[in-house]
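Here are my notes on the model, point by point. Have the coordinates open while you go through them.

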Amino acid sequence: MSDELKPDRPDAALVLEYDFDAPPAKVWRAVTIPALRERWLPDCDLADAEPESSIAGEEVRYRLRDSEPPFRESHVIFRIEPNEAGGTRFRIIQQASDGRAKLPQAANSNRCLMRAAA
């Protein structure tokens, strides 16, 4: 058995789902207002305190970074929607980042971008 770290699959996701009595607008504030979000998702766990993307009232996406080597990154997506009981269905989706996407690509890799430049 090897101690070598195996890369996370970028398509692997951890999905958690919760139903809250609170209305969607209240849950949305808890995940998007930094002072409220800081209580349960501190800035030190984020690669960037600003969201990567957001669909107002429905979805917000942050980038997470491990605090210890090898400092792996992942994405966490919060999805909010009304549930049948008048409260909120809250989904947390965490996906591993594809570390290969950050590596420089060889100029002769025949990727679409490089072929277009030639």
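1. Ground rules first: strands are DSSP runs of E with at least two residues, helices are runs of H or I with at least four residues, and both are numbered from the N terminus. Glu 73, which comes up again below, lies in strand 4. The model is predicted, so local features need pLDDT of at least 70 and side-chain atom pairs count only at pLDDT 80 or more, while totals for chains, interfaces and linings use all residues. Residues are numbered from 1 along each chain as its sequence is written, and side-chain values use heavy atoms, with hydrogens and water left out.

2. The sheet is open, with 5 strands in the order 1-5-4-3-2 and antiparallel pairing; two strands pair if DSSP finds at least two bridges between them. Strand 1 (13–20) and strand 2 (53–55) sit at the edges with a single partner strand each, so one side of each has no neighbour in the sheet. From one strand to the next, the twist averages 20°.

3. Going through the pairings, strand 2 and strand 3 are antiparallel and joined by 3 bridges, with Ile 55 opposite Glu 59 in strand 3. These two strands form a hairpin with 3 residues between them, and Gly 57 in the turn has a positive phi of about 80°. Strand 3 and strand 4 are joined by 7 bridges, and Arg 63 has His 75 in strand 4 as its bridge partner. Strand 4 (residues 73–82) and strand 5 (residues 88–96) pair over 9 bridges, where Ser 74 stands opposite Ala 96.

4. Helix 1 (residues 24–32) lies across strands 1, 2, 3, 4 and 5, running at about 160° to strand 4. Contact here means heavy atoms within 4.5 Å; axes are lines fitted to C-alpha atoms, for helices over the stretch in contact, and angles run from 0 to 180 degrees between N-to-C directions.

5. Back to Glu 73: is this residue buried or exposed? Glu 73 is buried, at 13% relative accessible area (buried is under 20%, exposed over 50%, partly exposed in between, with a 1.4 Å probe and protein chains only). Its side chain makes polar contacts with those of Arg 63 at 2.9 Å and Arg 65 at 2.5 Å. A polar contact is a pair of N or O atoms within 3.5 Å; within protein, one must be able to donate a hydrogen and the other to accept it, and residues adjacent in sequence count only if both atoms are side-chain atoms.

6. Now the salt bridges (a side-chain nitrogen of Lys or Arg within 4 Å of a carboxyl oxygen of Asp or Glu): the whole structure has 11. Glu 17 pairs with Arg 89 at 3.3 Å, N to O, linking strand 1 to strand 5 across 72 residues. Arg 89 is buried at 13% relative accessibility, whereas Glu 17 is partly exposed at 44%. Glu 17 also forms a salt bridge with Arg 91 at 2.7 Å. Arg 89 meets Glu 84 in a further salt bridge at 3.2 Å, and Glu 84 is exposed at 70%. Through shared partners, Glu 17, Asp 19, Glu 81, Glu 84, Arg 89 and Arg 91 join into one network.
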